[in-house]
Structure formats: C-alpha cells, structure tokens
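Visitor: I am new to this structure and would like to learn how to read it. Please show it to me and start with the terms.

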Amino acid sequence: MPKINHHYTKLATSYLFVDIAKRVRAWQDAHPDSQIIKLGIGDVTRPLPPAAIPALPEAAEEMADPAQFHGYGPEQGYAFLREAIVRHDYAPRGVAITAEDVFVSDGSKCDTGNFQELFAVDQTIAVPDPVYPVYVDTNVMAGRTGAFDGGRYAGIVYMTGTRDNGFVPPPPEEHADLLYLCFPNNPTGATATREQLAAYVRYAIDHDAIILFDAAYAEFIRDPDLPQSIFEIPGAERCAVEFRSFSKTAGFTGLRCAYTVIPETVTAAGPDGARHSVRDLWSRRHSTKFNGASYPVQRAAAAAFSETGSREVRALSDYYLENAAIIRSGVERLGLATVGGINSPYVWVDAGRSSWELFDELLNKAGVVTTPGAGFGPGGEGFIRISAFNDRPQVEEAMERIVSALS
Ligand code: PLP
C-alpha cells in the first residue's frame, strides 16, 4: 500500500490567494465596466533587459550547430556565469567569494526550499513572522515541526516582526540551528543595517548555527550604508549561505535563473561530531538531483551582468523603486504608516485595522488588489503588502483611486 509522507498532512491550507481571487471575481462581476488594478502580486511586469535578449537566439544558434552544440552542462553552472557572479556581486564589495562557492540553479524558491534537506531532521529552525512561506512549508514537509495551531507550527522558533522593531526582529532568545533571514524582506520591505546583520552573525557563531540568507531583492538597495550581502559582515563566511535570483532584478521570473553562495568555511557536524563542508554537501545534492540551468538562460543571465546589462538591470529596479515611492507617498497622504518601499519593491502598510478589512476597503472602494499581511503569518495581521511590480500608469492610477476613495 503506498503511504504518503504524513508530514504533508500537517501543512496548513493557505486560502489566501484563493480567497483573494474569489473576492476579486465578485468585485469584477459587480463592476463589469471597471478595470481592476493588481498590486498584490510579486511578479515583475517589465520586459527583460535588452542586453539579455540577443544571448537567447545566439545560444539557440550555437545549439543548432553540431560544432557548438551544448548538451548537459555542469550541474553547478557554467564557469562563465559563476565567474561573472563573483565579479559583479561580490568582488566590488570586498567579499572573498570564489566561483567554486557559487551554484547556479533555476530559482531561489527551489534553492531556499531544498537547502534544508542537507540538515538532520531534529534541527530547530528559526523563521521570521511574517514570512515568505517557502521556508516554513518545506521544513514541515521534511518533518521538522509539530502540528499547526493558532497560525504557527510547534517546534519552530519564530522571530516576530513588530511596529516597534521595524520588522527587523532581533535574534531569538532560544537556541536554533538554522536561521532563515530575508533582507530586503518579502513581505515587509524592511531592510537590515550592518549592526542588525552583525547581531545575527554573532548569534550564529555563539550557537554554532547557520544563517540561510535570502537576498532575492538585494539589487533594490540604494543606501550605500546598507549591506547587500550577508558576507559583508565579518564572520558570516563561517556561518552563512546566501540565495540570490535574477527573477526580480533582471525580470527573469519566466526565464528562471538563480544562485546559491556557500563559502568553503561553512561546516556542519556529522553523527560522530566531525565537521563536513556544507558546500560539498550541496554540490553532491545538486549533482544528484539537478541537471543544470539551461545554457541559453545562463548566457542571458551573464549578459545581464555585462556593462550595458548592469545599467539596464539598474534601470529596471529604479523603475520599480519609483513605483514604490509613488505608493508610499499616496498611502502616507492617507495618514497610514509604512515600512519598506525605499530600498525594496514592497510597501508594508499599517492598516490600523484588520488586514482583510483594509484589503476589502481598497478592493471595494478603489478596485485595487493588495495582499493582506495576515496571509504571511500572525505577525502580518494588521498590515497589507502593496507590491511595486506593475507598470507606472497602473500604479499611478491605483494610488489616485485609493487616495480619492479613502480621503
Ligand atoms: N525568495 C523570496 C523572498 C521571494 O519573494 C521569491 C519570489 O517571490 C523567491 C525567493 C523566489 O525567487 P525565484 O523566482 O528565483 O524562484
């Protein structure tokens, strides 16, 4: 008899997007002549950077030529891309990452979700609340938690974001073996200072823990004093892994390309206490379960790092940051406090009432869709997330509608 992995039965069913879709449909049925504006999604809307485009047909042409054909590539990624990542993201910030530390993949969702399987099932994980749900659900599937109760799983250490800590919660009081962090944060848009990241690194070193640092939105940081990489913090090279993606920065959500960075010096204990290189373990896993991101996509990713590509990628994130500024100023005109939206594409709005109440009001009075914060965990209750990922005219109209409907 086939038996399921019973940990899947613990997964809380998320009705968030189903509920949103239902309410949106009802509104659309009642207002057939009105255009709904979606500021709820975390998907990009702008086209790829032009510099990345020719790489795709060029790579296809090569594949059409027997002399230049590419079959399976290296599972860890082509050297040209791994080296470009080091040159573009790390060397200029004085971070001593090498191409061997970089593992190319087809997405940070898979990387952040899969990474936990390198670690023992009895490890304690710490996650922020509100949280990007992938970190939690993949650990539930792996059997690292107890039951779901009151919006939280038993056995997980939650680091709660609040108005008071600006949604940068301090490291936990209790012990955890693996800490998931995400800055700039999804959903709150919060960014962490050097001192705040240093406190997490200190915690990780003191507790012999590993930080799993999701930097999917690093490209949106404009403040030169804010670190873009956890590896800018001394000591992180011994206790941190970083995840990055081309999705939000270079518009690759449909093309798919990301990377995980693991310094050679990050280790974890085996059953006899001997230390093992986490980089070697991930390389072993990657070679066994993954056959490499496609050659044309890696060529396009490398082109996004060219001089012209970098300028265009910067212009893309500038565009979304300007959207975020328009959203923030509109919301603040209504007297609502915000977090994020400065070095981040998400604006986290203090609803001053329940998440769903403000969501419904914006939908019903303005025809604008947002995301209720409660969908990201109990710590998100009382807030909504407004995404800057949309085209400018849509964002401007959405904010005009919101301001005039709620003023
Ligand atoms: N990490 C965070 C925090 C995200 O918000 C997202 C996407 O929304 C991802 C990772 C996934 O990125 P990718 O498209 O590379 O899978």
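Guide: A residue is buried at under 20% relative accessible area, exposed at over 50%, and partly exposed in between (1.4 Å probe, protein chains only). Arg299 is buried, with a relative accessible area of 17%, whereas Glu58 is partly exposed at 43%. This is a predicted model, in which local features need pLDDT of at least 70 and side-chain atom pairs count only at pLDDT 80 or more, while totals for chains, interfaces and linings use all residues. Residues are numbered from 1 along each chain as its sequence is written, and side-chain values use heavy atoms, with hydrogens and water left out.

Visitor: What joins the side chains of Glu58 and Arg299?

Guide: A salt bridge is a side-chain nitrogen of Lys or Arg within 4 Å of a carboxyl oxygen of Asp or Glu. Glu58 and Arg299 form one, at 3.1 Å from N to O. The pair links helix α2, which holds Glu58, to helix α9, which holds Arg299, across 241 residues. Helices (H or I, at least four residues) and strands (E, at least two) are DSSP runs, numbered from the N terminus. Glu58, Glu62 and Arg299 are linked in a network of salt bridges.

Visitor: How many salt bridges does the structure hold?

Guide: The structure holds 20. One of the salt bridges is between Arg244 and Asp89, with the closest N and O atoms 3.3 Å apart. Arg244 lies in strand β9 and Asp89 in helix α3, so the pair ties together parts that are 155 residues apart in sequence. Arg244 is buried at 5%, and Asp89 is buried at 8%.

Visitor: At what angle do helices α2 and α9 pack?

Guide: Two packed helices are described by the angle between their axes and the distance between the axes. Axes are lines fitted to C-alpha atoms, for helices over the stretch in contact, and angles run from 0 to 180 degrees between N-to-C directions. Helix α2 (residues 55–63) and helix α9 (residues 295–304) pack at about 145°, with their axes 8 Å apart.
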